[in-house]
Amino acid sequence: MSEKANFSNIYKFYDLVNTVLTLGFDKSWRKKAVNNLVGTSVLDLGSGTGAAYEELINYETTAIDPDKKMLELNTFENKVLGFAEKLPFEDNSFDNILCSFVWRNVSDTNKAFNEVYRVLRPGGKFVLLDMTRPKNSFAKILHKIGTFIVLHLIGLITFNLKEYRFLYKSLDFYPQPENHLKKDAFIDLQIERMGLFDFVYLAVFTK
Ligand SMILES: C[S@@+](CC[C@H](N)C(=O)[O-])C[C@H]1O[C@@H](n2cnc3c(N)ncnc32)[C@H](O)[C@@H]1O
């Protein structure tokens, strides 16, 4: 990923944009992601404003995000300022790491992936939910046109064109998850597609 955008400018609209882009299905997909968790503790990586709060109500959750303004709005009690690339936790600290709608914004996913593995306890789950492009070429073109129009329009209306342009481009930062995500030291990896034209993926890694 070569660019950066200042999300502090758009923190108030971030959740709304997520809901628009996922056509309102983000909540049900988070619920589906949470169904894969084990044990009791969860690190909500890139927690933002705490959109997963209701789904994680029965877990001991630590929310981490690099954006101060997002964290101010975050509903979790236990909040930490920090990046996925350098997690401020001991080895084997969590039963689960949930990372929803974040991964394509992470600058160095190799570093982040190693950190996730380190702080997850053996047998723990790394549950990754994010948007990508549809696999089918025609659906991909339609998705590109749709997201281009919606995100540039929101950018113009809210005077934050740079940030929303970044969000549009971020959908193409990484190759398709089936080609890009590797099990490495994890013992298992399952990838599932969801949503209209399969533009959302859920990847569940077991350590
Ligand atoms: C779309 S929000 C997702 C919020 C929430 N997880 C959800 O399910 O809606 C993306 C979040 O990722 C955070 N983020 C961006 N880069 C990050 C990084 N390198 N490490 C951790 N979080 C990051 C942003 O600050 C933002 O709060």
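Modeller: Phe159 counts as exposed, at 78% relative accessibility. The cut-offs are over 50% relative accessible area for exposed, under 20% for buried and in between for partly exposed, with a 1.4 Å probe and protein chains only. This is a predicted model, in which local features need pLDDT of at least 70 and side-chain atom pairs count only at pLDDT 80 or more, while totals for chains, interfaces and linings use all residues. Residues are numbered from 1 along each chain as its sequence is written, and side-chain values use heavy atoms, with hydrogens and water left out.

Phe159 sits in the loop between H5 and H6. Helices are DSSP runs of H or I with at least four residues, strands are runs of E with at least two, and both are numbered from the N terminus. The phi of Phe159 is near 60°, a positive value in a residue other than glycine. Most residues other than glycine have a negative phi. Asp184 also has a positive phi, near 50°. Asp184 belongs to the loop between helix H7 (177-180) and S6, and it is exposed at 59% relative accessible area.

Asn160 is buried, with 11% relative accessibility. A polar atom of its side chain lies 3.1 Å from the backbone oxygen of Thr158.

Two packed helices are described by the angle between their axes and the distance between the axes. For H5 and H6 the angle is about 160° and the axes are 8 Å apart. H5 is therefore roughly antiparallel to H6. Axes here are lines fitted to C-alpha atoms, for helices over the stretch in contact, and angles run from 0 to 180 degrees between N-to-C directions. Angles over 145 degrees count as roughly antiparallel, under 35 as roughly parallel, 65 to 115 as roughly perpendicular, and the rest as oblique. The crossing of H5 past H6 is right-handed. That term applies if the near helix is turned clockwise from the far one by less than a right angle, and left-handed if anticlockwise.

Which residues meet? On the H5 side they are Lys144, Thr147, Phe148, Leu151, His152, Ile154, Gly155 and Leu156, and on the H6 side Leu161, Tyr164, Arg165, Leu167 and Tyr168. Contact means heavy atoms within 4.5 Å. The buried residues of H6 are Glu163, Tyr164, Phe166, Leu167, Tyr168 and Ser170. They pack against H5 and helix H1 (14-21).

H1 packs on H5 as well. Their angle is about 160°, with axes 11 Å apart. H1 and H5 are therefore roughly antiparallel to each other. H1 passes H5 in a right-handed crossing. Val17, Val20 and Leu21 of H1 make the contact with Thr147, Val150, Leu151 and Ile154 of H5.

Next, the sheet. It is open and has 7 strands, in the order S3-S2-S1-S4-S5-S7-S6, with mixed pairing. Strand S3 (78-81) and strand S6 (188-194) stand at the edges with a single partner strand each, so one side of each has no neighbour in the sheet. From one strand to the next the twist averages 15°. Two strands pair if DSSP finds at least two bridges between them.

S4 is largely enclosed by the rest of the structure, because 7 of its 7 residues are buried. Strand S1 (residues 41-45) runs parallel to S4, joined by 3 bridges. Asp44 stands opposite Leu98 in S4. On to S5: 6 bridges join S4 to S5, again in a parallel run. Ser100 has Leu129 in S5 as its bridge partner. Strand S5 (residues 120-131) and strand S7 (residues 200-206) run antiparallel, with 7 bridges between them. Met131 is partnered by Val200 in S7. Helix H2 (residues 26-34) packs on the sheet, where it touches strand S4 (94-100), S5, S6 and S7, and its direction makes about 160° with that of S5.

Leaving out residues up to four places away in sequence, Thr109 touches Trp103, Tyr174 and His180. Thr109 and Tyr174 are 65 residues apart in sequence, yet 9.9 Å apart in space, C-alpha to C-alpha.

How values were computed
A polar contact is a pair of N or O atoms within 3.5 Å; within protein, one must be able to donate a hydrogen and the other to accept it, and residues adjacent in sequence count only if both atoms are side-chain atoms.
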